[in-house]
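Subject: Structure for your review

Hello,

Here is the structure we spoke about, with the sequence alongside. My notes on what was found in it follow below.

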Amino acid sequence: MSEAVVTEHAEPILRLRGVGRRFGGLHAVRDVDLDVAHGERRAILGPNGAGKTTLFNVISGDFPATSGSIHFLGQDVTGVAARHRAKLGMGRTYQKTRLFHGLSVEDNLYLAVLGVKQGHLRPVVVPKQDEELRGRARELIASVHLGGRESTLVGNLSHGEQRQLEIGMARASDPKLMMLDEPASGLSRGERVALTDLLLGLDPSITLILIEHDMDVALRVAQRVTMMHDGRVIVEGTPDEIRANQTVHDLYLGRGHQADG
Amino acid sequence: MRRLPALTVDRGIGGLVLVFAVVAPFLVPQFWTANLLTQTLILGIVAASLIFLSAYGGMVSLAQVSIYGIAGFVVGNLTTNGNTKGLNLGWNPWWGVVLGIVIATIVAILFGALSSRSTGIYFLMITLTFAVIANYFFGQVTDLSGFGGISGIPAPKQIGPVDAHPWRLYYVCFGVALVLYALMRYVVRTPFGISLQGVRDDPVRMSSLGYNVRLHRTIAFAFGGFVAACGGVLFVWWNQHIDPASIQLSAVIDVLVIAVIGGLFRLEAAWLGAFVFVVLNNYVQRLGFWSLSTRFGTVIGLVFLAIVILSPGGLMGIWERLLSLAGRRRSQTPTAQAPLESGTVEPSV
Ligand SMILES: Nc1ncnc2c1ncn2[C@@H]1O[C@H](COP(=O)(O)OP(=O)(O)OP(=O)(O)O)[C@@H](O)[C@H]1O
Ligand SMILES: [Mg+2]
C-alpha cells in the first residue's frame, strides 16, 4: 500500500538520520533513522518513556536534536527554529494539551490560522483580513465538532473538547506533515471512534505521524508502524507485521493492554 | 446570561466615573484636582502600562517607572533653561514631548529585547536590574541630572504655567489617560494583541504555530514603555522637578503596589489603585494620631496585605466577585444550577 504512495515522490517528506537527543546524561532519543513518505500514515508505538514525544519535539523543533540530521521536504531543517518549520508545513498536537486557556475557542484557532501567515505584529484591526482569518477559524471549529463553542474560554472546555481543539490547532495551518501525540488519550470510547473517523477522513495528501497507545486507533489508521524502545527504533513494518512480531508482544502489547485497561 | 447585567453595571459605573472626572474641577476643592486627582491620573498611566504587560503579556515588569523617569529626564534636560542641573537646552516643550517619548520608547525596545528570553521570576529580576541601573545612572551622570535633579521644568505655554492653571494640566492628564486606556483596549483585540495573549498563555505552542515569541515580547514591552513614557512627560510637567529619587526602588514598589491593590488583571484597576494609594498617602500624612503621618509605609503595607489576602485580583477582583454574586442572586430562581458552561465530566488521564 505504501509503495504506491512512495513512487509519486521518490524523496520522502521527512528523513531522519542518526537523530539523537540527550537530557544531561539521559539519552531520550538515540540514533534514530526514519523515512516517512508523502501522504503516508505512520504510527509510532512504544512503552512509556520510550522517547516518542521527544522524537516529535526534535522533529518539530521544540527541542533541537543533539546529534544527527533532519530533512523535511528535501531541505535540511536540523538547525531551523520551530516557527520556521511550522511555516514550511509542519503542524503538531501535544500529548498534554497546550492551548491558550485565557482565550476563546475561536481566538485559539484564529491564532493557529494566523501563525503561518503574515501580519503577526499588525496593531490594527483590518475587518476584511481578520474576517477571512476568523472565517477559516470557524470552519475548523465545525470540522472538529465544536460548533456553538466559539466564544467559550478554552479553560472552560471539557477534556474531550480540548483534545478535539488540539487537532483543530494542528490542522489550522494546512500542514503538509501533521504530527499527533496521543490524540485519543483520556477520550471515551465513543470519542475514540469519532476521532478515528476524523483521522481516516483526512485529506490523503496530508502526511500523518501518530503516537498512540490505543492499538485500535493506531492500527486502523496507520499504514506503517515504527516501534520505539529506550530511545531507539526497534521494529518497523506494516500493522500486520507488527501484530505478528514477538518482540513487540513482549515489550509492549502485553503492557499496553494492561495500561489501557 | 448572567454576564449581561454585570457588564451593564460595570459600564454604568465606568460612565459615572468618567462624568465625575469631567466635572470634578467644579465639584471638589482645587487641592483635590491640582494634586490628588492629577497625580492619580499620572500614576494610573504608569500602573496601567504595568498591568497591560502583566495581564496580556504575562510579564510583570519593574522597569516601567524607570522608563517613565527616562522620558521625564529627557524632557527636563531639553526644556529647562538656565539655573538647574542637566543640559539646560531650553527647547520648546513640545520637542520635549516628542523626544522624551521617542527616547524612552527606544530604551524600552532595548530593555525588551534583553529580557525577552526570560519569564516569571527571572523577568522580574532583570527588569528590577534595569530599574536599579536607571536610578544610579541619573544619580551619577551629573551632566544629565545628579542627585539634586532637574527643577523648574516648564509645561508648554498652551498648558502652563501649571501653578496658575492647574485645571488645564488636569484635563490634559485626563485626556491622555483616556486615550491611552482606549488604545490599550483596542490593541488587545488586534492580531498583535491576540498573539500577545497567546504568548502569555503558552509561548512554546506559539513558536510551533509559527510565531516569533521573543520579537512579540519585545514589541509589547516597547508599547508598554511608550505608555509609561507618556506618564513620565505628564509627571515632570505636574511636579516641575525630577530627580533620581523619583525613580528609586521605593517608587518602583509604589507603582507595583498600586497595580496589585487595583488588580493585576484589568486595565481600569490601575486608576482605581492609584486613587486609593494617593488618597491614603495624603490623608495618612495629615492624621496626627499614633504618629501615622510618618508611617505611611506601614499603613499602605497593611492595606496591601489585607487586599492581597482578601482577593488576589485586588479591589477590581472584589468588585467583580460582588457583581457576580449579585447577578447570581438575581437569576437564582430559573437557572440557578447552571453556572458551569462546559460539561462537567472530565475524564482524567
Ligand atoms: N524536557 C525533558 N527534560 C528531561 N528529560 C526529559 C524531558 N523530556 C523527556 N525526558 C525524558 O526522556 C525520556 C523519554 O520521554 P518521552 O516523553 O519522549 O517518552 P514517551 O515515549 O513520549 O513516553 P509516554 O508514552 O509516557 O508519553 C523519559 O525518560 C523522560 O523522562
Ligand atoms: Mg509521550
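**Between chain A and chain B**

Across the interface of chain A and chain B there are three salt bridges. This is a predicted model, so please read every value below as computed from it. One salt bridge pairs B:Arg205 with A:Glu166, and their closest N and O atoms lie 2.7 Å apart.

Which elements of chain A give two or more residues to the side that touches chain B? They are helix 3 (82-88), helix 4 (105-114), helix 5 (127-143) and helix 6 (159-171) of chain A. Sorted by class, that side of chain A holds 18 nonpolar, 12 polar and 12 charged residues.

In terms of contact, 42 residues of chain A meet 31 residues of chain B. The size of an interface is often given as the accessible area lost when the parts come together. For chain A and chain B the buried area is about 3000 Å², and 58% of it is on carbon and sulfur atoms. On the side of chain A, the residues that lose the most area to chain B are A:Arg83, A:Phe100 and A:Leu121; together they make up 20% of what that side buries.

**Two domains in chain A**

Chain A divides into domain 1 (1-89 + 175-261) and domain 2 (99-174). Taken over C-alpha atoms, the centres of domain 1 and domain 2 of chain A are 25 Å apart. The contact between them takes 16 residues from domain 1 of chain A and 14 residues from domain 2 of chain A.

These two domains of chain A bury about 1100 Å² between them, with 65% of that on carbon and sulfur atoms. Which three residues supply more than any other three of the area that domain 1 of chain A buries against domain 2 of chain A? They are A:Lys87, A:Pro175 and A:Leu198, which supply 43% of it.

Between domain 1 and domain 2 of chain A the count of salt bridges is zero. Polar contact is found there for three residue pairs, both residues being at pLDDT 80 or more. On the side of domain 1 of chain A that touches domain 2 of chain A, the elements giving two or more residues are helix 3, strand 7 (177-181) and helix 7 (189-200) of chain A. The residues of that side of domain 1 of chain A are nine nonpolar, two polar and five charged.

**Strands of chain A**

An open sheet of chain A is formed by four strands in the order 2-1-4-5, with antiparallel pairing. Strand 2 (26-36) and strand 5 (75-76) of chain A are at the edges and have a single partner strand each, so one side of each has no neighbour in the sheet.

Within this sheet, strand 1 (residues 14-23) and strand 4 of chain A run antiparallel and are joined by five bridges. A:Leu16 has A:Ile70 in strand 4 of chain A as its bridge partner. Strand 4 (residues 67-72) and strand 5 of chain A are also antiparallel, joined by two bridges. Here A:His71 stands opposite A:Asp76 in strand 5 of chain A. Strand 4 and strand 5 of chain A form a hairpin with two residues between them, and A:Leu73 in the turn has a positive phi of about 55 degrees.

Another set of pairings involves strand 9 of chain A. Strand 3 (residues 41-45) of chain A pairs with strand 9 (residues 224-229) of chain A in the parallel sense, over four bridges. A:Arg42 is opposite A:Arg224 in strand 9 of chain A. With strand 10 (residues 232-237) of chain A, strand 9 of chain A pairs in the antiparallel sense over five bridges. In that pairing A:Val225 stands opposite A:Gly237 in strand 10 of chain A. Strand 9 and strand 10 of chain A form a hairpin with two residues between them; A:Asp230, in the turn, has a positive phi of about 55 degrees.

Regards

Key
Residues numbered from 1 in each chain as written. Chains lettered and ligands numbered in written order. Predicted model: local features only at pLDDT ≥ 70, side-chain atom pairs only at ≥ 80, totals over all residues. Heavy atoms only, no water. Contact = heavy atoms within 4.5 Å. Buried area = accessible area lost by both parts, 1.4 Å probe. Salt bridge = Lys/Arg side-chain N within 4 Å of Asp/Glu carboxyl O. Nonpolar A, V, L, I, M, F, W, Y, C, P; charged D, E, K, R; others polar. Domains from an automatic or database assignment. Polar contact = N/O pair within 3.5 Å; in protein donor to acceptor, adjacent residues only side chain to side chain. Pairing = 2+ DSSP bridges.
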